[in-house]
Amino acid sequence: MALIINDRVKETTTTTGTGAITFAGAVDGFETFGAGIGNSNETFYCIAHRSLSEFEVGRGTLNGSSSTLTRNTILSSSNSDSAVNFSAGTKEVFCTLPAKETPSPVTVSYTHLTLQTIYSV
């Protein structure tokens with residue numbers, strides 16, 4: 001199993017609770033997790049309830065048929081960064097690159113030989 005990150009992967013779900021998410025189909029104009037991530041692979045995800053303030057960002061694994069996503073590691077959430085017990089209603093699930101997994105920019109300094117000035121970028 002590989003860690004796969006892809007653009008424009010978004011599905012809906014009506015799954016409740018803290019367990020695996022069962023996908024209900026791609027949002028118009030987006031790919032399914034099966035097409036964009038692939039069976040049995042891992043990805044970073046966000047789950048956001050459409051009408052409530054519930055959300056979760058984490059790393060999960062698609063099952064062999066890409067019909068469910070197991071929520072392995074929760075990185076941030078509306079439940080104090082723990083697994084969210086999702087309420088009834090439609091949620092959107094999409095592939096993302098979490099801030100905690102993104103490298104911080106590095107400040108680079110150099111000296112201009114003619115002007116002897118230090119620039120930071």
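The dialogue below sets values against definitions.

Tutor: This is a predicted model, in which local features need pLDDT of at least 70, side-chain atom pairs count only at pLDDT 80 or more, and totals for chains, interfaces and linings use all residues. Residues are numbered from 1 along each chain as its sequence is written, and side-chain values use heavy atoms, with hydrogens and water left out.

Student: Why does Ser51 count as exposed?

Tutor: Exposed means over 50% relative accessible area, buried under 20%, and partly exposed in between (1.4 Å probe, protein chains only). Ser51 has 63% relative accessibility and therefore counts as exposed. Ser51 lies in the loop between β4 and β5.

Student: What makes strand β4 mostly covered?

Tutor: Of the 8 residues in β4 (residues 42-49), 7 are buried. Strands (E, at least two residues) are DSSP runs, numbered from the N terminus.

Student: How do you know which strands pair with β4?

Tutor: Two strands pair if DSSP finds at least two bridges between them. Strand β5 (residues 55-62) is joined to β4 by 7 antiparallel bridges, with Phe44 opposite Arg59. Strand β7 (residues 91-95) is joined to β4 by 5 bridges, also running antiparallel; there His49 stands opposite Lys91.

Student: Why are β2 and β6 called paired?

Tutor: The criterion is at least two bridges, and 2 bridges join β2 (residues 21-22) to β6 (residues 68-77), so the strands pair, in the antiparallel sense. Thr22 stands opposite Thr68. β6 also pairs with β5 over 7 bridges, where Val57 has Ser76 as its bridge partner.

Methods. Helix = DSSP H or I, 4+ residues; strand = E, 2+ residues; numbered from the N terminus.
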